[in-house]
Amino acid sequence: MIWKLLLSFAVLLSCICPVLGAPKAEVELSNQYTDKYVFAHFMVGIVGNYELDDWKTDMAAAQAIGIDAFALNCASIDNYTYSQLDLAYTAAAQVGFKVFISFDFAYWNNGDTANITAYMQLYGNHPAQMQYRGAAVVSTFVGDYFNWEPVKQGTSHPIYALPNLQDPAEAVSLSSRGADGAFSWLAWPTDGGNSIIPGPMDTVWDDRFFRFLEGKTYMASVSPWFSTHFNSKNWVFICENLPTLRWEQMLSLKPDLVEIISWNDYGESHYIGPAEPHHSDDGSSQWANNMPHDAWRELYKPYIAAYKSGASKPSIEEDKVVYWYRPTLKGVVCTGDPLPPPNGMSMLSDSIFIATMLTSPATLTVQSGGNAPVSIDVPAGITTSSVSMGVGAQQFTVTRGGQTILSGQGGLFVQNSCTHYNFNVYVGSISRGY
């Protein structure tokens with residue numbers, strides 16, 4: 001393949017550049033930059049069948065809500081990594097979007113310096129490469145102790161390394177490994193790793209990153225949900241009001257950068273991207289099919305704009321409701337599932353969650369299944385409310401001054417039986433005229 005040949009050439013070039021004393025661009029990596037950027041974690045490993053137009057479709061949807069770039073999570077073992085990265089960079093250049101590589105160290109290792117350097121040599125100065133403070137952004141999933149200094153020495157374009165740190169205390173030694181900052185994966189209520197604790201989400205991990213980074217760049221993570229039901233990982237985090245709470249924390253903390261987890265990780269149920277007909281199925285279709293999350297993009301858009309502008313709260317120009325809920329109550333026993341319910345399930349509430357996006361105060365009324373209607377007075381702006389979940393249809397109404405301004409039914413009936421456990425959520429929205 002031509003891309004294997006190009007990568008081999010890049011490997012050779014990265015090896016001889018330091019020997020030959022190849023000139024490197026000099027840039028001022030100062031702390032005077034104020035631009036805020038929002039990225040989205042994109043799983044390249046499930047899009048081996050993507051074509052150029054598939055990439056463009058995703059990028060257009062991301063651009064529409066203010067996302068600046070995809071962090072392209074890629075593995076060393078996939079034979080289509082070369083071709084799909086090429087398509088991603090090509091598509092991004094054509095639509096005016098940006099991308100950068102996020103090396104997944106579940107597959108890469110500390111001995112892969114030459115190959116990682118080759119990728120950065122190949123793409124570091126590409127027109128679609130995300131640049132930050134005059135240098136090409138690169139990140140990781142785990143890979144805490146990889147040394148970026150040889151990569152920087154082996155590339156002819158400056159590199160800005162933001163590795164994922166599992167423990168913020170590791171940030172004290174970042175400079176010795178050539179890193180310029182850190183990325184946190186801790187976007188859900190947890191005491192570290194994949195441990196699950198009662199919500200709501202707080203900022204304890206962000207605060208630790210800020211402290212240990214001592215002024216280096218902090219790329220915080222935002223995620224709306226996290227549930228998965230594989231044999232190897234079977235859990236649900238307690239993140240029921242997280243779609244708005246986490247963004248409110250970002251508007252308060254004002255980190256240098258934000259990365260959304262994720263655009264298309266169906267396996268962990270935190271995707272915000274549209275349905276992708278050409279992605280491969282690792283078994284996650286069992287809980288992701290017919291469970292759209294598109295409306296979370298509508299909810300995220302004003303938060304992204306507020307974060308970038310430095311505002312303390314989002315500006316709302318159109319009345320709208322965004323809702324999310326599970327397909328069953330947590331106590332329902334599924335009859336055909338070889339796996340038990342996910343770890344963390346007992347900490348969940350049986351609730352319907354509703355984010356009102358209002359230009360002025362109004363009253364939200366929700367009738368969940370056979371439950372009595374519940375009315376809540378909500379202010380202007382974005383407010384997340386919840387009501388007890390009932391089996392059946394979900395009806396949402398917003399009134400103002402005695403007039404109904406929004407009304408609609410949720411796109412999924414809550415059931416009292418199931419074959420397989422599904423702790424993903426159905427996400428929908430209601431706007432004027434719909």
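Student: Where does Phe-105 sit?
Tutor: In this predicted model, Phe-105 is placed in the loop between strand 3 (98-104) and helix 4 (113-123).

Student: Is Phe-105 buried or exposed there?
Tutor: Phe-105 is buried, because its relative accessible area is 11%, and the cut-off for buried is under 20%.

Student: What is Phe-105 in contact with, leaving aside its neighbours within four places in sequence?
Tutor: Once those neighbours are set aside, Phe-105 is in contact with Asn-110, Ile-116, Thr-140, Phe-141, Val-142, Gly-143 and Phe-146. As for Phe-146, it is 41 residues from Phe-105 along the chain, and the C-alpha atoms of the two are separated by 9.3 Å.

Student: Changing topic, where is Ile-260, and is it buried or exposed?
Tutor: Ile-260 lies in strand 11 (residues 257-260), and it counts as buried because its relative accessibility is 0%.

Student: So what does Ile-260 touch?
Tutor: Not counting residues up to four places away in sequence, Ile-260 touches Val-38, Phe-39, Ala-40, His-41, Ile-67, Val-222, Trp-247, Ile-272, Tyr-300 and Ile-304.

Student: On to the helices: which residues of helix 6 are buried?
Tutor: In helix 6 (residues 204-213), the buried residues are Trp-205, Asp-206, Phe-209 and Leu-213. Those residues cover an arc of only 100° around the axis, and therefore they are on the same side of helix 6.

Student: What covers them?
Tutor: The cover over the buried residues of helix 6 includes strand 7 (181-183), strand 8 (217-222) and helix 7 (242-253).

Student: How do helix 6 and helix 7 cross, then?
Tutor: Their axes come within 11 Å and cross at roughly 30°, which means that helix 6 is roughly parallel to helix 7, and the crossing of the two is right-handed. Helix 6 contributes Asp-206, Asp-207 and Phe-210 to the contact, while helix 7 contributes Arg-246, Met-250 and Leu-253. By class, the residues of this contact divide into three nonpolar, no polar and three charged.

Student: What comes just after helix 6?
Tutor: Just after helix 6 there is Glu-214, which takes a positive phi of about 50°.

Student: And at what angle do helix 2 and helix 3 pack?
Tutor: Helix 2 (residues 52-63) packs with helix 3 (residues 81-95) at an angle of about 50°, and their axes are 9 Å apart. Because of that angle, helix 2 is oblique to helix 3, and their crossing is right-handed.

Student: Which residues meet between helix 2 and helix 3?
Tutor: From helix 2, Leu-52, Trp-55, Lys-56, Met-59 and Gln-63 meet a set in helix 3 made up of Gln-84, Leu-87, Ala-88, Thr-90, Ala-91, Ala-92, Gln-94 and Val-95. Sorted by class, the contact of helix 2 with helix 3 has eight nonpolar, four polar and one charged residues.

Methods
Residues numbered from 1 in each chain as written. Predicted model: local features only at pLDDT ≥ 70, side-chain atom pairs only at ≥ 80, totals over all residues. Heavy atoms only, no water. Buried < 20%, exposed > 50% of the residue type's maximum accessible area, 1.4 Å probe, protein only. Helix = DSSP H or I, 4+ residues; strand = E, 2+ residues; numbered from the N terminus. Arc of directions from axis to C-beta. Contact = heavy atoms within 4.5 Å. Axes fitted to C-alpha atoms, helices over the stretch in contact; angles between N-to-C directions. Parallel < 35°, antiparallel > 145°, perpendicular 65-115°, else oblique. Left-handed = near helix turned anticlockwise from the far one by under 90°. Nonpolar A, V, L, I, M, F, W, Y, C, P; charged D, E, K, R; others polar.
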